[in-house]
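Colleague: I would like to learn how to read an annotated site in a model, beginning with the record and ending with the fold around it.

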Amino acid sequence: MKHFEANFDGLVGPTHNYAGLSFGNVASFSNAAQTSNPKAAAKQGLQKAKALADLGMVQGVLAPQERPDLYTLRRIGFSGSDSEVLQKAAQQAPALLNACCSASSMWTANAATVSPSADTRDGKVHFTPANLVDKLHRSIEPVTTGNILQATFNNDRYFKHHQHLPEHTSFGDEGAANHTRFCTEYGHAGVELFVYGQSATDPDSPKPTKYPARQTLEASQAVSRLHQLEDESCVFMQQNPAVIDQGVFHNDVISVGNQNVLFYHEQAFLDTETKFDEIRQKMNTNMHFVKVTTEQVSINDAVRSYLFNTQIITLPNGEMAIIAPTNCQENPAVFAYLNELVTLGTPIKQVRYFDVKQSMQNGGGPACLRLRVAMSEQEIAAVNQNTLMNEGLFTSLNTWVDKHYRDQLTVSDLADPQLVIESRTALDELTQILKLGSVYQFQR
């Protein structure tokens, strides 16, 4: 039986905006208050997803969250009609309104952690939605994320869905953005690398001092238990606190892996060589640790270009390719490095560039936009087929975007009651296109 690593990209929601909500994310903060283009953002994401499907990859989509989130605004004391709730929030607590309008669920690398059936004791694919407790605008996502994942991977013979971890900073969990799986073939048992920013229960452990460490060791260990992973298939490695303080808010901003390759910056981790030895020992096969030095690419250039927030995919011909944002072409040091990389004899033989600037300006590159799910042919057949990218779905979703999305949105527009109507109308139609059922509160 053949096995594949599928990518499920997040559809950009109708309220895509630049409110600068993510402290510790340089791009998010530096582009705050700019005018966004939700229609262009959604179409850029669809173009990338369709291009990967055209390369022969298994490619799916995940629906966005309902925004504005009027349920949260009511929960925190704003009352009246939908219009009155928005008006009161805009006047009394605009930052809270902004948080309840974020389209950040497009970054499905933060949707969940996924362990394939080859690694789990019960032989099922396991999903745990990330609780995202470090940021208010993301902490209101996991329940709906769970609904969407269950409607997408909707066969309990093959898929096991868990509740998100307890909503406390001790279990701060940011999902697959801090998780990489190594394997020889996607259907073979692998080693899952869990990268954390700090230990919540060890007061003497290293921690960043400027920006928060969003992922805890305790969360990573909890997910590994839920997913029924053996100790021999897990490695827990700490991210370097010094790079978190330079804007590396998730591990996928400083490293990316695929099969037996880890592409990383030399400053990415603590105790690097000891942990790499553990990975080698547990993998028991040849590993390629592709190191980028500070002399080659500075942390600042890596963060601004998102050199490591790229995808590494294995093409049908067996070659590995990097899927990079066009920002990498525009940075001289990064572009020079990538041109050299494909000549170095590593498994990475190609670099392909995509324009995802609407997402990049909010702090998310190609790797942020996708959730990886390694599956067998049988498991792929058990997925909701209406969520898998093909010519028909690409056309339908582009038509849907053209019909429902604005081509510009400012932060002040978030209080517009019409935006609620537009968003709910769009999402209701989307659930019919993808045949998800009633995953949103307004549908229930």
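Predicted model: local features only at pLDDT ≥ 70, side-chain atom pairs only at ≥ 80, totals over all residues.

Modeller: Residues are numbered from 1 along each chain as its sequence is written, and side-chain values use heavy atoms, with hydrogens and water left out.

Colleague: Which residues does UniProt list for "active site"?

Modeller: UniProt positions are given in the numbering used here, with shortened feature names, and annotations may be inferred rather than shown by experiment. The unreviewed entry lists Glu 174, His 250 and Cys 368; although they are spread over 195 residues of sequence, they cluster in space, with a largest C-alpha distance of 11.2 Å.

Colleague: Does Glu 174 count as buried or exposed?

Modeller: Buried means under 20% relative accessible area, exposed over 50%, and partly exposed in between (1.4 Å probe, protein chains only). Glu 174 has 2% relative accessibility and therefore counts as buried, and His 250, at 1%, is likewise buried.

Colleague: What does His 250 touch?

Modeller: Contact means heavy atoms within 4.5 Å. Not counting residues up to four places away in sequence, His 250 touches Asn 110, Glu 174, Ala 177, Asn 178, Arg 214 and Gln 239. Leaving aside neighbours within four places in sequence, the contacts of Glu 174 include Asn 110, Arg 214 and His 250.

Colleague: How much of the protein chain is buried?

Modeller: Buried residues make up 61% of the 444 residues in the protein chain.
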